[in-house]
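Please look over the sequence and the structure first.

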Amino acid sequence: MISLIISFLILIIGYFTYGKVVEKVFSPDDRKTPAYEINDGVDFVPLKTGKAFLVQLLNIAGTGPIFGALMGACFGPIVFLWIIFGAILGGAVHDYMVGMISERHEGSSIAELSGIYLGKGAKWGMRAFSVVLLLLTGTVFVNSPAALIARLTPERFGVTFWIVVILIYYVLATLLPIDTIIGKLYPIFGAVLIMMAVGIYVGIIAGGYTVPEINMTNLHPEGLPVWPYMFITVACGAISGFHATQSPMISKCISSEYEGRKIFYGAMLSESVIALTWAAGGVAYYGTTQALNNALTTLGQSGVVYDISTGMLGGIGGILAIIGVIACPITSGDTAFRSARLILSEMTGLNQKYIRNRLIITIPLLGIGALLTQLDFNVLWRYFSWSNQTLAMVSLWVATSYLLKKAKKPFYSLMTACPATFMSGVSMTYILMAEEGFSISKNIAYPIGMAFAVACFAIYVYFWQGKKK
């Protein structure tokens, strides 16, 4: 338990220390933001800081910090270290930089920012990659809440029924102005989400459960290596490329650049608190990583969440916790499709102020999402996880290029170049080793992955030296 408390404290300290450093490097000012400069009443709408924070938190906090944290907890308490330092030094930096760079480019998507700072080829590659990731994300965030809701309702309302209901909601949330549904419901869902995390934490204490202390031992019962699997599995709880598709949505709505650290950096660290809570809750409730892994295999992620929630908090508390877990994915799934609509509007030039143009993009998107729900969830999650972390890698290199060009001193770009290099090694090694990748032996995958990371950093140093001249 001491490790968990210390972990929470480190995240809080990280916000007030390293978060402040990141903000100073970016140098926010009092320029007029796109929310006021453009204000189209649909996507560019000024939101108060508190509401913008809650919308950002719910945009990014899908099932990633819950399912990913539970699967990551199978590696043992070493996962706490990745969630803490991955978030402070990587994930929160990633979210803040992408959100603020987007704000300075009229709310442009990560695909457009890639074109500006990495070249036209990167722009088109990222357009395709981002839309695919968002479709996978939206689909993952249809299946998981539908499975949970089905557990709480009569049998005649099965998973398929709830998938249809959620997709109908997604159509409305994707089409309507951001402050019509999202701006009004998210503060309520945000309160439920926070209550859910607090509930699980209280359940750990009140139930007398034991949370193992942090150590570096790999306890995964199937023998999966920490590198690179844990860094891919945890996904949103530490760093997530999906956030690079969400931050530009809120960059269109912030009222002042000085609020960026609270909204972007703060929301990521808040998500990490959720991830820590569920990672601790998973191991504490089942007792061992072997038992947790067995439960995930036999019950699935939704079943494990149901067991932990009801087991720790009883019937009423468990239902409240599950409602929070349902709100998480739904409030990320709707904005995943909304982000995909915005990226496709940039590609097609269709003005999103008009409902007809929004329909032209939205209906096919949701149709594809409906088809993808028929695929196996575990397969979807594996592809989502790798795509997610690869997008984070690219987004960090975009931010690095921005800092090389815009920061007061070139060496400030190390703030994003170091986590970008790390994620480059993770992403390359994983796709080489994973079953859904090339299934190459780690004896070959490790050197190639490291060589790729070193090559990326060498290219960065080359441009840094050119900047110094």
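## Basis of the model

This is a predicted model, in which local features need pLDDT of at least 70 and side-chain atom pairs count only at pLDDT 80 or more, while totals for chains, interfaces and linings use all residues. Residues are numbered from 1 along each chain as its sequence is written, and side-chain values use heavy atoms, with hydrogens and water left out.

## Overall form

The protein chain has 18 helices and zero strands; helices (H or I, at least four residues) and strands (E, at least two) are DSSP runs, numbered from the N terminus. Its C-alpha atoms fill a box of roughly 60 × 50 × 40 Å along the principal axes.

Of the contacts (heavy atoms within 4.5 Å) with a separation of 6 or more, 83% are between residues 24 or more positions apart.

## Surface and charges

Buried residues make up 59% of the 469 residues. Buried means under 20% relative accessible area, exposed over 50%, and partly exposed in between (1.4 Å probe, protein chains only). The accessible surface of the protein chain is about 17,600 Å², and 68% of this belongs to carbon and sulfur atoms.

There are 30 positive and 23 negative side chains, with the centres of the two sets 8 Å apart. Lys and Arg count as positive and Asp and Glu as negative, without His and the chain ends; each charge is placed at NZ of Lys, CZ of Arg, CG of Asp or CD of Glu.

## Salt bridges

A salt bridge is a side-chain nitrogen of Lys or Arg within 4 Å of a carboxyl oxygen of Asp or Glu, and the count comes to ten. One of them joins Arg 104 and Asp 29 (3.6 Å, N to O). Arg 104 lies in the loop between helix 6 (78-103) and helix 7 (110-118), and Asp 29 in the loop between helix 2 (18-26) and helix 3 (34-37), so the pair ties together parts that are 75 residues apart in sequence.

Glu 112 and Arg 127 form another salt bridge, at 2.6 Å from N to O. Glu 112 lies in helix 7 and Arg 127 in helix 8 (residues 120-152), so this pair links parts 15 residues apart in sequence. Glu 112 is buried at 16% relative accessible area, and Arg 127 is buried at 5%.

How values were computed: Accessible areas come from the Shrake-Rupley method with a 1.4 Å probe; for residues, only the protein chains shown count as cover.
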